[in-house]
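Biologist: I would like to learn how to read the packing in this model. Where should I start?

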Amino acid sequence: MNNEINIFEVYEFLPGLNCKSCGENTCMAFAEKLIKGQKTIAACAPLRDNIYKERKEELLELLRSANEAKLNC
């Protein structure tokens, strides 16, 4: 069973604004960096806004689950 997350799973929880506040040109690039552990969710300024609270929580859970799966291999 493959427990790795892919870029599209992460991207669907991001605001999709491509605002560059995280230092990346697109949310897709930011999603890739999140998966690789090169960025943290805190780098995404829009995710700090209450309108994205639910997305942020779901994204955190997705990333936690993926990290736990890696540790249990």
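This is a predicted model: local features need pLDDT of at least 70, side-chain atom pairs count only at pLDDT 80 or more; totals for chains, interfaces and linings use all residues.

Biologist: Which residues of helix 2 are buried, and how are they arranged around the axis?

Modeller: An α-helix has 3.6 residues a turn, so residues three or four places apart point the same way. In helix 2, the buried residues are C27, F30, A31 and L34. Viewed down the axis of helix 2, they fall within an arc of 105°, so they line one face of the helix. These buried residues pack against helix 1 and helix 3. After helix 2 comes G37, with a positive phi near 80°.

Biologist: Which residues of helix 3 are buried, and what covers them?

Modeller: L59, L62, L63, A66 and A69 are buried in helix 3. Down the helix 3 axis, the buried residues fall within an arc of 120°, so they line one face. Their cover includes helix 1 (7–11) and helix 2 (27–36). On the face of helix 3 turned away from its buried side are the exposed residues E54 and L71.

Biologist: What span should helix 3 have?

Modeller: At 1.5 Å a residue, the 19 residues of helix 3 (residues 53–71) should span 27 Å, which agrees with the 27 Å between its end C-alpha atoms.

Notes: Residues are numbered from 1 along each chain as its sequence is written. Side-chain values use heavy atoms; hydrogens and water are left out. Helices (H or I, at least four residues) and strands (E, at least two) are DSSP runs, numbered from the N terminus. The expected span of a helix is 1.5 Å times one less than its number of residues. Buried means under 20% relative accessible area, exposed over 50%, partly exposed in between (1.4 Å probe, protein chains only). The arc is that of the directions from the helix axis to the C-beta atoms. Contact means heavy atoms within 4.5 Å.
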